Every structure is written in structure tokens, then in C-alpha cells.
Amino acid sequence: MDRAHLAAELPPAELRIVGVGIYRSAAHIGVLCREPADKRLRFIHLAFHDDLRLEDDVTKCFLWIEAKLEDEPAAVVAAQARRVYRKYQRGGVPYGFGPYSGYFGPQGEIQWTAPGNGLTCATFVLAVFDSAGVRLIQGETWPTDRGEDKQFQREMVELVRMQSTVTAAHLKGMTADIGQVRFRVLEVGGAVAADSYPTDFSTAEVLALRLLEMIRRKTRRRSRPN
Amino acid sequence: MSANVQRILREIRQLTQDERAELRQNMKTMGAPTEGDGRGRLQEHPSQLAIPAWLHALLELDNKGQSDAALDELFDRIDEMLSASEYEKVDSILANMPLEGPSLTLMMALLSITRPAGEHLPSRVRYFDRVYRLCTAMRRDADSLLGGLK
């Protein structure tokens with residue numbers, strides 16, 4: 001946990017090579033890395049359906065975590081994040097709950113096994129690390145029977161339905177994928193904060209709770225009247 | 001002499017006699033030039049002649065310590081070839097990529113971008129083995145660094 005920081009206490013600019021940023025709501029996560037040209041920090045994240053973004057402004061990252069990697073693999077993860085952004089900045093990363101498997105096909109394309117498959121902001125992070133050969137989690141240890149996850153997935157289908165770019169086939173596939181394993185934002189953050197990869201669910205869950213406590217402690221302090 | 005080469009030479013100087021012998025054997029197996037074999041380390045390795053001009057430029061960039069920019073360029077070039085199913089071109093790069101000179105980061109990046117297309121790239125297994133042996137010779141944890149890139 002010594003690599004997890006509240007931005008208010010240590011700015012993300014202190015990030016060495018690659019990590020993740022998490023919003024204050026604890027509901028959104030993305031990859032933090034640097035641009036080679038100006039060495040400035042970038043936040044690359046799947047904002048929503050077909051909406052991959054690269055932000056110069058990292059102030060929304062309330063919490064950030066440096067990945068525990070040696071310099072070489074860390075640099076490759078960062079470069080993969082930038083590559084995926086360059087390739088998909090105009091669309092092509094649908095939102096969905098595809099099964100946990102390999103993310104990239106032989107032509108460098110994001111690989112879908114069925115219509116409706118896609119990534120969430122959290123699985124986007126897993127996919128980027130995975131593309132660099134860094135398996136962050138032991139996906140097979142994650143629970144698949146959490147009612148709250150199914151409810152979340154149902155709500156997300158309804159939100160995606162409102163998108164003008166979404167196809168009926170994608171919505172049908174997304175609906176069929178309700179019940180697929182869900183990797184929650186703070187669990188993925190917890191996995192990045194772990195001392196070794198891949199992280200199993202029980203470790204990630206404990207670390208996720210600690211991250212949540214860090215956020216709550218800070219937000220409670222903020223909301224206290226002077 | 002690049003910073004990378006200087007670093008590797010420093011590491012070699014710290015090796016014991018037995019470790020040096022092992023390294024020489026590894027280098028021979030990999031087909032890389034070794035000390036005193038008549039192919040000085042500053043000479044261009046024959047394999048480098050078979051790589052495209054853009055890769056020479058990219059290796060120069062990497063040599064100058066601009067690995068991040070080199071990685072972006074490498075990814076874009078290979079991505080383009082893989083998207084066009086030009087597997088033979090990519091395989092030729094894997095077959096002819098020199099081990100002496102490029103940073104370990106660049107070598108790992110090449111393994112990373114080619115991993116999903118591994119079944120179309122027969123030279124990738126040999127390239128992986130060469131990088132693995134180099135890591136071992138440099139006394140780095142090859143399993144931890146490369147395990148996910150096989």
C-alpha cells in the first residue's frame with residue numbers, strides 16, 4: 001500500500017513510470033503514464049461505450065497507485081496504453097462485460113468472442129497491463145455470484161442503450177453477458193497496489209477496502225466544517 | 001558506445017570467471033559477437049543488415065536513451081504490419097533483431113506487441129529464447145521479466 005497515494009497528499013506528477021488513477025467516487029479507473037515528447041502525465045481511460053480518452057488533466061484522479069514493476073515492464077505497459085489509445089481514439093472499444101480471457105487478437109485488435117462483449121473501465125486497465133505481459137489478477141478466483149454486480153451490469157446496459165452509436169446486436173450481447181464476472185474499480189486498484197502479481201481475489205478485496213478507507217478518510221476531513 | 005552497452009560491459013566485468021565462460025557460451029549460442037571473436041562489438045552485426053531502415057532509426061533513438069519514443073514508433077510500425085496480416089515482415093524482424101544494442105525495454109516491447117500473433121510468427125520462439133538467455137546472462141530475473149510475454 002506504500003504505492004497508493006491520495007493526490008492531495010502526493011500529486012500524481014510524482015508517478016515514476018506507470019500506474020492507475022481512481023476518481024473520488026471510486027467508480028472510475030484508468031491508466032496513468034507519461035507522454036514521451038513532453039514527459040507530462042496522461043490519464044488514459046475508457047470513459048464509456050466507444051469513448052476511449054486521453055486526458056492531460058489528471059486532477060480528477062483523487063487516488064493514484066504506482067504499479068510494482070521493474071522499469072522495463074513498466075515502460076512497456078505505459079507504451080501499450082498509449083498504443084491502444086492511438087489505435088482506438090476514434091472508437092472501437094465497446095462497453096461490455098466480456099468473459100475474462102485474452103484481450104488482443106493476432107492483428108493487435110481488441111478481441112471479442114461474441115457481439116456485446118466489451119470492456120469496462122476496470123477491464124480496460126487489466127487489458128492494457130495484460131498486453132504488456134503483466135497479468136494483474138487471477139481472474140478465476142473472482143466471485144461470479146454477487147447480486148450487486150448483476151444489478152450494476154443491468155444498469156449499465158440501460159445507460160449504453162441511450163448511446164446513439166450502439167447497435168441492437170451489441171445491446172443484445174451485453175444483456176446476455178449479465179452475470180459475467182465483474183472486476184470492480186477498487187478491486188483492480190487493490191490488485192495494482194498488491195506486492196506481487198497476479199493478485200487473487202481475497203488479497204485484492206482487502207486492499208480495495210483499504211483504498212476505500214483512504215478515500216473516505218480524506219472526503220470526511222474535507223466535508224468537516226471549519 | 002551507447003549507455004546500454006557500457007552498462008552491460010560493466011556488468012560483465014563484475015562476473016566471475018565461470019560466469020564469464022557461461023556468458024560467452026550463451027552469446028555464441030545466440031549468434032552474437034563476443035569479446036575477441038574477430039567481430040568487434042562496435043561493428044555492425046550481420047543481422048542488422050537485414051532489418052528495415054526505419055528499425056535502424058528506431059534503434060538509434062533507443063540508443064540515445066529515448067526508449068519511450070522508440071517504443072511508440074515500434075508499436076505503430078508493427079501494429080500496421082499485423083493489421084495488414086504482413087506476418088512474414090514481422091517474422092523477419094524477429095529473426096534479425098540484434099541482441100546487442102537495443103535496450104531490454106525495446107526487446108520486451110517487441111515480444112509484447114508480437115505475442116497475440118505468436119502462432120503466425122515462427123521466429124518469435126527463438127527470439128524469446130535469445131532475450132531470455134540475455135536476461136539470465138545479465139543476472140536479471142528472466143522468469144519474472146519475460147514470463148508473461150511467452
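Six strands of chain A make up an open sheet, ordered E1-E6-E2-E3-E4-E5, with antiparallel pairing. Strands here are DSSP runs of E with at least two residues, helices are runs of H or I with at least four, and both are numbered from the N terminus; two strands pair if DSSP finds at least two bridges between them. This is a predicted model, in which local features need pLDDT of at least 70 and side-chain atom pairs count only at pLDDT 80 or more, while totals for chains, interfaces and linings use all residues. Residues are numbered from 1 along each chain as its sequence is written, and chains are lettered from A and ligands numbered from 1 in the order in which they are written.

- The edge strands of chain A are E1 (4-6) and E5 (51-55), each of which pairs on one side only.
- From one strand to the next, the twist averages 25 degrees; axes are lines fitted to C-alpha atoms, for helices over the stretch in contact, and angles run from 0 to 180 degrees between N-to-C directions.
- E1(A) runs antiparallel to strand E6 (residues 61-66) of chain A, and three bridges join them. Ala4(A) has Ile65(A) in E6(A) as its bridge partner.

**Strand E2 and its neighbours**
- Five of the six residues of E2(A) are buried, so this strand is largely enclosed by the rest of the structure. A residue is buried if 20 or more other C-beta atoms (placed from the backbone) lie within 10 Å of its own, exposed if 12 or fewer, and partly exposed in between.
- On to its partners: E2(A) is joined to E3(A) by five antiparallel bridges, and Val18(A) has Cys33(A) in E3(A) as its bridge partner.
- E2(A) and E3(A) form a hairpin with five residues between them, and Ala26(A) in the turn has a positive phi of about 65 degrees.
- Five bridges also join E2(A) to E6(A), again antiparallel; there, Val20(A) stands opposite Ile65(A).

**Helices across the sheet**
- Helix H1 (residues 71-88) of chain A lies across E2, E3, E4 and E5, at about 110 degrees to E3(A).
- Helix H2 (residues 121-131) of chain A lies across E2, E3 and E4, at about 40 degrees to E3(A). Contact means that C-beta atoms, placed from the backbone, lie within 7 Å.

- His170(A), Gly173(A) and Met174(A) are buried in helix H4 (residues 168-176) of chain A. Seen down the axis of H4(A), its buried residues fall within an arc of 100 degrees, so they line one face of the helix; the arc is that of the directions from the helix axis to the C-beta atoms.
- Ala168(A) and Ala169(A) are exposed on the face of H4(A) turned away from its buried side.

Note on methods. Contact = placed C-beta atoms within 7 Å.
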